[in-house]
Amino acid sequence: QLCIKDLHFDGVPVRIYLPREPAAGQRRGVVLFHGGCGIFGSIRSHERVCRYIAKKSDSVVVSVGYHLSPEYKYPAQTLECLAVTVHFLQTARAYGVDPARVIVCGDSVGGTYAASVCQELVPRTDLPKIRAQVLISPFLQALNFNLPSHHKNAFAAFLSRERTVRYILRYLGKDCSLEEPILAGSHVPESMNLKYRKWISPDLIPEEFKLGYKAPPPAPFLPRVHEEVPELFECRVSPLLAEDAVVCHLPDTCIVTFEHDVLRDEGLLFKKRLEDNDVRVTWHHVEKGFHCTIGFFGYGIFSFPSSSTVVNHAVDFIK
């Protein structure tokens, strides 16, 4: 049903999935960024997901094999995802794709890359606009690791609260001794906390997601830690920090959150930001979902019902 090719777009490895069935017109295109904290994962890890999306939504899917950290230092991953997207927008018709119907999609840090790509393309007038973005359990901010979902799922199996910060530090090539003060929030000066409280705060999380939650007392600010991690405050790492002037121009968005996931609240906060800026949002909350759910898709008895639920939500939105 599919013609699958391994190519390079602007020097970045990609695997492209093209439906063999003749199309009545130009198809939609999906650029997919796999998860894995920027240090794990590959085109192969999302092979089943890409095949399914291509077949079920009758779309041309481009899976991006961005190079991983630490061999390729940040922001190489974001820049490669951006380069592939730009290349595909420019050459879409060669693959039978309508350049006005290109969707970016990602899970976990792949969702970070999808959000970042959309933001970076906002001022570009020389390219077709991205039609939509699909963000599955995205990582979207590195200021506050004490939101309700961080505490509720602090010891979750696939991505604990501590492991989240540890992986970020590895991804950015930083000293892991910074983990504890960042978890406490000591890397954020009070002025920055005040500025971004309107976008990142437990107060913005719906009450049904805060049962039993008690916010910890604020930690003292440590200038040394702040100076060590300036990347955490860049929109390429924390897309939630983008200004409203950018957010209001973002495309239609599908956000999928999981109940058993430290990153659940980041999706909820981004949903609110988009809605406040009149961006159309489709939101799915998977009660039995957990971080890495999508990674088990298509493995028969080793899969989970939530794995299929997530991928089908993405397919329905893409269609």
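Author: Patches are made of residues with over 30% relative accessible area and no salt bridge, and nonpolar side chains are joined within 5 Å. Keep in mind that this is a predicted model. Here, Tyr-299, Ile-301 and Phe-302 make a nonpolar surface patch of about 400 Å².

Reader: Why does Ile-301 count as exposed?

Author: The cut-off for exposed is over 50% relative accessible area. Ile-301 has 79% relative accessibility, so it counts as exposed. You'll find Ile-301 in the loop between E8 and helix H11 (305-318).

Reader: What makes E6 and E7 a pair?

Author: Pairing takes at least two bridges. Strand E6 (residues 132-136) has 5 bridges with E7, in the parallel sense, so the two count as paired. Leu-135 stands opposite Ile-255 in E7.

Reader: And how do you know that E7 pairs with E8?

Author: By the same cut-off of at least two bridges: E7 and strand E8 (residues 281-290) run parallel and are joined by 7 bridges, so they pair too. His-260 sits opposite Phe-290 in E8. Together with helix H10 (residues 264-276), E7 and E8 make a right-handed β-α-β unit.

Reader: What makes E7 mostly covered?

Author: Buried means under 20% relative accessible area, and 8 of the 9 residues in E7 (residues 252-260) are buried.

Reader: How many residues of helix H2 are buried?

Author: In H2 (residues 76-91), 12 of the 16 residues are buried, so H2 is mostly covered as well. Among them are Cys-81, Leu-82, Val-84 and Phe-88. From first C-alpha to last, H2 reaches 22 Å, close to the 22 Å expected at 1.5 Å a residue.

Note on methods:
Residues are numbered from 1 along each chain as its sequence is written. This is a predicted model: local features need pLDDT of at least 70, side-chain atom pairs count only at pLDDT 80 or more; totals for chains, interfaces and linings use all residues. Side-chain values use heavy atoms; hydrogens and water are left out. Buried means under 20% relative accessible area, exposed over 50%, partly exposed in between (1.4 Å probe, protein chains only). Helices (H or I, at least four residues) and strands (E, at least two) are DSSP runs, numbered from the N terminus. A crossover is right-handed if, with the strands pointing away from the viewer, the path from the first strand over the helix to the second runs clockwise. The expected span of a helix is 1.5 Å times one less than its number of residues. Patches are made of residues with over 30% relative accessible area and no salt bridge: like charges are joined within 9 Å, nonpolar side chains (Val, Leu, Ile, Met, Phe, Trp, Tyr) within 5 Å. Accessible areas come from the Shrake-Rupley method with a 1.4 Å probe; for residues, only the protein chains shown count as cover. A salt bridge is a side-chain nitrogen of Lys or Arg within 4 Å of a carboxyl oxygen of Asp or Glu.
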